[in-house]
Amino acid sequence: MKTLIFAIAAAVLFALIPAWIQSPYALHIFISLFIAVALGESWNVIGGFAGQYSVGHSAWYGLGAYGAFILLDSKGIAPWYGVWVAVLGSVIIALIVGSITFRLRGPYFVLASIAVAEIIRLAALNWKGLTNGAEGIQPADLPPLKLGTTVLIESWNGKLPYYYMGLAMALFCIGINFLVKRSKLGYYLQAIREDQDAAHSLGIPLTRYKNYGLIISAALTALAGSFAAFYIGFIEPQQVFGIDVSVDMVLVALVGGIGTVSGPLVGGIVLVLLNEGLRAAFEQGHLLVRGALMTLVILAMPDGIVGFVAQRLRRRTATS
């Protein structure tokens, strides 16, 4: 109950922030945070709960981005409808890929996930008739968002509409993580993470439940990818299918604490603020500095910031 009250209070606080802060740059930071949190929570379902360390999640991110972009550009379908078609396409491909790759374990699965993302990237790069290849796609102007005859959002030129859409998306991904972790599916995924052979001996169908986790993870990632693409306003294959996109998702969960609902939220805050601060201080070498700092954090806190804090609190409680 306390967790729910805290979550509602935090959501209300974030919803009120634009009333106090109108700076476009500050709103951009918050939107970047919402995207990072959504992607971290998306990866956490399969990587954190199930222990399947995919480094190819950019495949679902890019499919969500391209699917919604292409539907708007070629068919005139508004993204709030097209995104669900893109999510469905990502889920179908994820189910096919998962049925094959989940027969592999450890580093073999990691390599397979990278290979899948690279295959899809090369397909997008060379299928110029559909994706425009390396030139990328810049979509037409977004139509007004309507509920029946009521216009909810007239123009998408400012940051404010993206702020609230991004906040809703991040809260949705956090909520899905919360529900999954406390469901039968979540318990099975965590059992698979701890010991696959023991889980199998207890009658848990490994491939089936891994696929369930991947379907949810891919759907959330595609949703976040579509939103991020429309916010940026341009996509090309390397931008959305590159391995750096997948690595950033993993880092958000890893730094915050994998397998926890609050971990990607904490990791997203740390990484977004760190990225912006280092970019201002080190214009050319900020990625190198960030990599070094992330390595130190991971070595010092292997369970992430949330795990580190929880461990310290348990020790303090035990000694008091």
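This is a predicted model: local features need pLDDT of at least 70, side-chain atom pairs count only at pLDDT 80 or more; totals for chains, interfaces and linings use all residues.
Glutamate 118 counts as partly exposed, at 34% relative accessibility (buried means under 20% relative accessible area, exposed over 50%, partly exposed in between, with a 1.4 Å probe and protein chains only). Residues are numbered from 1 along each chain as its sequence is written, and side-chain values use heavy atoms, with hydrogens and water left out.

**Overall build**

- The protein has 15 helices and two strands (DSSP runs numbered from the N terminus: H or I of at least four residues for helices, E of at least two for strands).
- Its radius of gyration is 20 Å, close to the 20 Å that the globule rule gives for 320 residues, so the protein is as compact as a globular protein of that length (the radius is taken over C-alpha atoms, and the rule is 2.2 Å times the number of residues to the power 0.38).
- Along the principal axes, the C-alpha atoms fill a box of roughly 60 × 45 × 45 Å.
- Of the 320 residues, 47% are buried.
- Take the contacts with a separation of 6 or more: 75% of them join residues 24 or more positions apart (contact means heavy atoms within 4.5 Å).
- The accessible surface comes to about 16,300 Å², and carbon and sulfur atoms hold 68% of that (Shrake-Rupley method with a 1.4 Å probe; for residues, only the protein chains shown count as cover).

**Charges and salt bridges**

- There are 20 positive and 15 negative side chains, and the centres of the two sets sit 12 Å apart (Lys and Arg count as positive, Asp and Glu as negative, with His and the chain ends not counted; each charge is placed at NZ of Lys, CZ of Arg, CG of Asp or CD of Glu).
- The salt bridge count is two (a side-chain nitrogen of Lys or Arg within 4 Å of a carboxyl oxygen of Asp or Glu).

**Buried spots in helices**

- Serine 217 belongs to helix 10 (residues 206–232) and is buried, with a relative accessible area of 0%.
- Setting aside neighbours within four places in sequence, serine 217 touches Ser42, Trp43, Val45, Ile46 and His57.
- Glycine 98 sits in helix 4 (residues 79–101) and is buried, at 0% relative accessibility.
- With neighbours within four places again left out, glycine 98 is in contact with Asn211 and Leu214.
- Glycine 98 and alanine 134 are 36 residues apart in sequence and 28 Å apart in space, C-alpha to C-alpha.

- Asparagine 132 has a positive phi of about 70°, although it is not a glycine.
- You'll find asparagine 132 in the loop between helix 6 (128–131) and strand 1 (145–147), partly exposed at 35% relative accessible area.
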